[in-house]
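Hi everyone, thanks for coming. Let's look at this one together, and please keep the structure on your screen while I talk.

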There are 2 protein chains.
Amino acid sequence: MPVNLPPPNPVELYPIDGIKLGVAEAGIRKLHRKDLTVILFDEGVSVAGVFTQNRFCAAPVQVCREHLASAGPVRALLINTGNANAGTGAEGLARARQSCTAVATALGVAPSQVLPFSTGVIMEPLPIDRIEAGLPAALADLRPDNWLRAAQAIMTTDTVAKACGVQIMLGGKRVSVTGISKGAGMIRPNMATMLGFLATDACISPGLMQTLARELAEGSFNRVTVDGDTSTNDSLVVVATNKAGHAPIDSLDSADGRALKSAMLEVSRRLAQAIVRDGEGATKFIAVQVEGGRTTDECRRVAYAIAHSPLVKTAFFASDPNLGRILAAVGYAGIDDLDQTTIDLYLDDVLVAVRGGRNPAYREEDGQRVMKQSEITVRVVLGRGKAQDTVWTCDLSHDYVTINADYRS
Amino acid sequence: MPVNLPPPNPVELYPIDGIKLGVAEAGIRKLHRKDLTVILFDEGVSVAGVFTQNRFCAAPVQVCREHLASAGPVRALLINTGNANAGTGAEGLARARQSCTAVATALGVAPSQVLPFSTGVIMEPLPIDRIEAGLPAALADLRPDNWLRAAQAIMTTDTVAKACGVQIMLGGKRVSVTGISKGAGMIRPNMATMLGFLATDACISPGLMQTLARELAEGSFNRVTVDGDTSTNDSLVVVATNKAGHAPIDSLDSADGRALKSAMLEVSRRLAQAIVRDGEGATKFIAVQVEGGRTTDECRRVAYAIAHSPLVKTAFFASDPNLGRILAAVGYAGIDDLDQTTIDLYLDDVLVAVRGGRNPAYREEDGQRVMKQSEITVRVVLGRGKAQDTVWTCDLSHDYVTINADYRS
């Protein structure tokens, strides 16, 4: 059961002028489930992407990087579930390229104008024949209002589709932002998450797109973790169709630039947090907020040490305020000159530890009360500076083990 | 059920001339279990220790460091379970010192000649009154042949006591090495493990002791992990009583020095591996061997990335050869210039992946056969140098979650 994560609200899934989506059942791994998605862009659309830093990156990630670096504008995305096409060597690369060629031929564009994405089991050959056979059905399904079906078609161990959107006004014009994402395990994105697609009809200078994509990833997908495993396939794609009719944004620091970035960040963050709320086996959603650090980087390291600790995560699962485990994680986060006597720990509004020791006024029942909630904020005050950072995670439950022990069966 | 870990063999637990051990039931956390241990040394005994690198180190670790740095030789160790005396601030330090004073007063030595060790729940006040009340019984129990009882008395979530020994001949004299350890969770030692005590009656120049302790930790306790959580209380103490009567060892590179170090490393490694075999919820013992790296450090980083991956560990629990998860962990281990096309992966003798892709001759049933074993070697060949390193770990099972969700209840 995902944590406070309702299904997508169809009203929020604004069609983006210039984008159509189509899905199909290609039988890539299992029959009778949507597993193939095509997203088609009009001419004049700007596309940027950020990808996993995992050095064992999947074949489609390698092809995406190549194609984004080439001259021709991107016209289509092809996404399959059921197979990650990672750990597949030269043959995997060839098949990823072949899938782009199939889409390009059908659309009358160059193969380098297609970006491929795969998610599923690692180290099994991509069934390119099934992808090619399923493609006509996905193309026949192309429609602007297919965001929810696309969100469903990219799910793997997800239990809920992840999609949301917002609208803002820019220069008197209504601008829409809509995004979808997927992911529930192997989640510790490093540049992006398993798969995230974010689109707007806003008008943005193409030169800003890559910076925008990176900043959105940094503020959202790069701040969540389920199990600490950085995937081979993490990809976030940000698309602007430039159709909304307002004056183009030529700086992200302009008023319009800030307004758009803020709207897109809201969507990114909801999509990223949705992945944690639907984290494999999750029963609780936990924000780990670290303040008073010397640098943002050290705050983030402390936050991730807490968010990755199996002992902390099982204590949250059990609603057991065994909070010394949090202090232990702070201690091994890798800050060499950390002084434990300046550190305070809060659980929501409950002050648990003061200057590295138990708060004399802390009562176990207060900790217990917060631990029983489904949404919890852990706040660590390092007392050595003014930087801060936040990471979102979930607990570690029996179901995480069950899901991952049975994933392929 | 621990993995292929029988109870200690009493015949191997050689008394060490110059050392007596005594245990008592002090009721520190629960009644009717041995939870207090005193280890007494004759004069002339050399003691060295290595301690956790966790910056939230426990009060007893801080006191151990102070006392080892002071002039007087160590005469006694005091070990309690049931309470870690970590995250306890200034009051915790005062209580750790008070426990040393109690032992020192009873023995007629200085408080700085006593080293305190605590293990158990973090961030609860050390019940110093119960320790003081239990001390006379532990002192009355002091005997040279009490190694097994001491190994039992330092257990927390351990299901089996951990103790072993070897004997070698040095200069025509029989030399004994005996050690005990404890630990099953919060295990990712960084300098040492939760608690390890290793003693020999060999004669060694006192100036060599600290180097010896560090090298033994590096080759054993610093190569194991259960859950990646570096404890606040990790301590390894190495003791030489200098009673065996052979010519003193004045270099660890002499023939006798190498022979002794090898014997002590064997005992350390068995004790460290015993912690993994008894790892919380463990059903399998896994050696992760990384070869062909440029440096030992990068091999170790890759080995730990694999050994810490919850996805890899749950796949081992399920005997599911979902081995792409191992490649993914190699990819995020932090080697920036890693080339996936030079990497081979073996499971025992089965070649699973070649040059970053699935070995065409690999058959799933071969992987399955190895995954079902209780002892498995994962071998990764990086293909970029000649360095290698090995780390030992266990799988991640439902029982890990159960144990840590219920630890304090």
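**Two domains, two chains**

Let's start inside one chain: chain A is assigned domain 1 (10-277) and domain 2 (285-405), with bounds that come from an automatic or database domain assignment. Before going on, a word of care: this is a predicted model, where local features need pLDDT of at least 70, side-chain atom pairs count only at pLDDT 80 or more, and totals for chains, interfaces and linings use all residues. Residues are numbered from 1 along each chain as its sequence is written, while chains are lettered from A and ligands numbered from 1 in the order in which they are written.

Taken over C-alpha atoms, the centres of domain 1 and domain 2 of chain A lie 33 Å apart. Where they touch, 10 residues of domain 1 of chain A are in contact with 11 residues of domain 2 of chain A; contact here says that the C-beta atoms, placed from the backbone, lie within 7 Å. On the domain 1 side of chain A there are 3 nonpolar, 5 polar and 2 charged residues. For those classes, Ala, Val, Leu, Ile, Met, Phe, Trp, Tyr, Cys and Pro count as nonpolar, Asp, Glu, Lys and Arg as charged, and the others, Gly among them, as polar.

Now the two chains. How many residues does the contact take from chain B and from chain A? It takes 58 residues from chain B and 58 residues from chain A. Several elements of chain B each supply at least two residues to its side, including helix 2 (89-107) and helix 11 (398-405). Helices (H or I, at least four residues) and strands (E, at least two) are DSSP runs, numbered from the N terminus. Helix 9 of chain B gives the largest share of that side, 7 residues. By class, the side of chain B that touches chain A holds 26 nonpolar, 22 polar and 10 charged residues.

How do the copies relate?

Definitions and conventions
Two residues are in contact if their C-beta atoms, placed from the backbone, lie within 7 Å.
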